[in-house]
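Welcome, and please open your viewer.

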Amino acid sequence: MRNLWENRFLRGIALVALVSLAIVLLSLENSLATASALLRIAFLLAIAFFLFLLWRERRSDIETWSELSQRTFYGAIVLAVVAIGALIGLGPTGADAIAFVAVLACCLWAVVRVWRREHRYT
């Protein structure tokens, strides 16, 4: 029995089972759902704050770009943040999840394309 308890995987499974049992026995499903929603909102705010810090560090460089490049860059960033917010708020499945991945891929492509075009040193 002692060898089984020294196994970290089995200890982890036992801990998850114990926490799950406590949640079910104490009827804490609503509290858990509320905490999950708050963590999703906090995650979205953390992403937005990180993007703000990146923008603040690089805004003098971005201001030298052409107006079309600036609009494309900022539009792609805003669309990506909205898509992540929709993912967190709506929880898409199936075709909606595929559309989410496609939107993020297009936003990433636009950002990288504009960045490379404006940093061409030839």
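On this tour, two residues are in contact when they have heavy atoms within 4.5 Å. You are looking at a predicted model, in which local features need pLDDT of at least 70, side-chain atom pairs count only at pLDDT 80 or more, and totals for chains, interfaces and linings use all residues. Residues are numbered from 1 along each chain as its sequence is written, and side-chain values use heavy atoms, with hydrogens and water left out.

**Stop one: serine 69.** Select serine 69, which you will find in helix α4; helices here are DSSP runs (H or I, at least four residues), numbered from the N terminus. Is serine 69 buried or exposed? Serine 69 is buried, with a relative accessibility of 0% (buried means under 20% relative accessible area, exposed over 50%, partly exposed in between, with a 1.4 Å probe and protein chains only). Setting aside neighbours within four places in sequence, show Val114, Arg117 and Glu118, the residues that serine 69 contacts.

**Stop two: a salt bridge.** Stay in helix α4 and pick arginine 71 and glutamate 67, which sit four residues apart, about one turn of the helix. Their side chains form a salt bridge at 2.6 Å, N to O (a side-chain nitrogen of Lys or Arg within 4 Å of a carboxyl oxygen of Asp or Glu). Both arginine 71 and glutamate 67 are exposed. The count by this rule is one salt bridge.

**Stop three: aromatic rings.** How many aromatic pairs does the structure hold? There are four. Phenylalanine 52 and tryptophan 55 make a tilted pair, 5.9 Å centre to centre with 35 degrees between the planes. Rings of Phe, Tyr and Trp (its six-membered ring) pair if their centres lie within 6.5 Å; planes under 30 degrees apart are stacked, over 60 edge-to-face, and the rest tilted. Phenylalanine 52 and tryptophan 55 are three residues apart in helix α3 (residues 29–62), so about one helical turn separates them.

Now select tryptophan 65 and tryptophan 115: their planes are at 80 degrees and their centres 5.6 Å apart, so this pair is edge-to-face. The pair links distant parts of the chain, 50 residues apart, with tryptophan 65 in the loop between α3 and α4 (67–90) and tryptophan 115 in helix α5 (residues 95–118). Tryptophan 65 is buried at 5% relative accessible area, whereas tryptophan 115 is partly exposed at 30%.

How values were computed
Helix = DSSP H or I, 4+ residues; strand = E, 2+ residues; numbered from the N terminus.
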